[in-house]
Amino acid sequence: MDTFRDLGLSEVMLKTIAGKGFGEPTAIQQAIIPFLMDSRRDVVAQAETGTGKTAAFAIPILERLGNPDGRVKALVLVPTRELAIQVAGEIRSLCPGRRIQVVAVYGGQPFAPQRSALKHGADIVVGTTGRILDHLEKRTLCLKDLTDLVLDEADEMLDMGFVDDIAAIMAHTPGGRRTMLFSATMPKEVLAIARRHMGAYETIATGPENHARRLIDQVYVEVREQDRFEALCRIIDREPGFYGLVFCRTRTETVSVADMLLERGYAAECIHGEIEQAERERIMKRLRSRQTTVMVATDVAARGIDVRDLTHVINYDPPQDPDSYVHRIGRTGRAGRTGTAVTLVIPRERRALDLIRRTTGKAMRRGGVPAVADIIAARRARIEEVIRQVMHGEDAGPYALLAASLLEGTEPAVVLASCLRHAYGDELDPKAYREIRALAPQAESKQHTRLFVARGRRHGMTHRNLLRFIREHTGVKERLVKDIEIRDDFAFLTVPPAEAALIQKRFGRSGGRPLVGIARPGQGRKMAG
Ligand code: ADP
Ligand code: MG
């Protein structure tokens, strides 16, 4: 495998890349960087989302840019404004010390600041087609010195109907420029653009690592906020050999989700940035030995997790940016095995999901919460398999006599069912699951918030103590606190959202284990079900 050094890059670029934390080049980078470094031919490149295509074109462009003089040398066309911002950021982060100006230009924003940024000198422009055309027509952007044109995420641009825009922009560029087309997929419409608008081009397609990526089944599931935890449990239960990571946004949330999972009988643990090294290692050991099968983690803490063969990565909430999505899901489906990445989304997180979907493209599909009947059926199949294995294994030994005695005068099916019930408890009981209602388009808002308090009877917590405690420390009036429930190790209460925020702010973020967090359904509920 090639290193970045093998790709013939300058020392200063190698330093920049190392500073960004890139270890080895990805397959597409290995294939395309040397080509772009020593040829001026057009190129069509295909590689899955998340394989570093931006750096694959940005590094050679920057290496060949020469001294920046504020005239636009490279133009990168992208389908969306979010991508314009993201790609411009990635290019900037790859600019070695020199004063190269990278300007992002996109719609939905006032024209004037972009015009002035362009006027003050731009070496590389990243933009959406519509706004680029505007600037060209108003002559606030000049492309006569352009040497490199990149059509990034070409399949998406096509889907969005930008073919004509692309052609119109090309008409403003000099004939000698090089055109590079990058796409996650290569439908024939994309190839048609290449044939019609590009010179003789080289095709460089995905390397083997991208096959591994395709082994990740990416699903998002829309749920109501109060069903999020129940949905998580069902997804875990649906997979008999579940072994996975559950990502949460905050440390507080990892702790409360892990607690709720433990309460429901899962071998769960959490790991976050404030856990000290020695404990961290013990936690990791338990995960590797599968004593722990559900690890709840923050992005930061997950960085050091090097566990193989995880069946699932679950995003308990969608990550804020597509990069962390890519990094999170990359933890499953390793070593040629199939993995599943599930992202849970509540209505008000749809925008974060849209942002991710725009970068992952068609790889992500919509899924549902597993139905209780399916989970039960999967468990039944699993039990059957275990029993059949036992039957085919060693003979029953001392149990044979007992079996004969039990069968005397009783229906065999009744005897067997009793044994199974004894062995498996209520594993096949659908009542262990709470109902999940279909998503009502805009429910939310006025709802009260159920809070979880990490103090219970064992700590001397009573109904009255809790009320006094809340009033004294937060000033929240007793009459606003509803549905208090005191359990052995913790307690619950319900308050309006503003008060919930206040209480959490006061107790949620102090050092160590947070005292108060948002309670999830399936725990501390008074409602029927
Ligand atoms: P694509 O366009 O192929 O979907 P991006 O260019 O957006 O992928 O890259 C996805 C992420 O991978 C970015 O966060 C980028 O910084 C990172 N990345 C790119 N190349 C490497 C590398 N060689 N090693 C580690 N991370 C990389
Ligand atoms: Mg990209």
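A residue is called buried here when its relative accessible area is under 20%. In this predicted model, 50% of the chain's 529 residues fall into that class. Among contacts with a separation of 6 or more, 77% are between residues 24 or more positions apart. The accessible surface is about 26100 Å², with carbon and sulfur atoms taking 51% of that.

On to the charges. The chain carries 80 positive and 68 negative ones, and their mean positions lie 6 Å apart. The salt bridge count comes to 32. One of them pairs Asp 148 with Arg 178, at 3.5 Å between the closest N and O atoms. This pair ties strand S5 (Asp 148) to strand S6 (Arg 178), across 30 residues of chain, and both partners are buried.

Arg 365 and Asp 217 also pair up, with 2.8 Å between the closest N and O atoms.

A local case is Arg 234 with Glu 230, whose closest N and O atoms are 3.7 Å apart. Both sit in helix H11, and because they are 4 residues apart there, about one helical turn separates them. Arg 234 and Glu 230 are both buried. Elsewhere, shared partners join Asp 69, Arg 71, Lys 73, Asp 123, Lys 144 and Asp 145 into one salt-bridge network.

Technical notes. Residues are numbered from 1 along each chain as its sequence is written. Chains are lettered from A and ligands numbered from 1 in the order in which they are written. This is a predicted model: local features need pLDDT of at least 70, side-chain atom pairs count only at pLDDT 80 or more; totals for chains, interfaces and linings use all residues. Side-chain values use heavy atoms; hydrogens and water are left out. Buried means under 20% relative accessible area, exposed over 50%, partly exposed in between (1.4 Å probe, protein chains only). Contact means heavy atoms within 4.5 Å. Accessible areas come from the Shrake-Rupley method with a 1.4 Å probe; for residues, only the protein chains shown count as cover. Lys and Arg count as positive and Asp and Glu as negative; His and the chain ends are not counted. The place of a charge is taken as NZ of Lys, CZ of Arg, CG of Asp or CD of Glu. A salt bridge is a side-chain nitrogen of Lys or Arg within 4 Å of a carboxyl oxygen of Asp or Glu. Helices (H or I, at least four residues) and strands (E, at least two) are DSSP runs, numbered from the N terminus.
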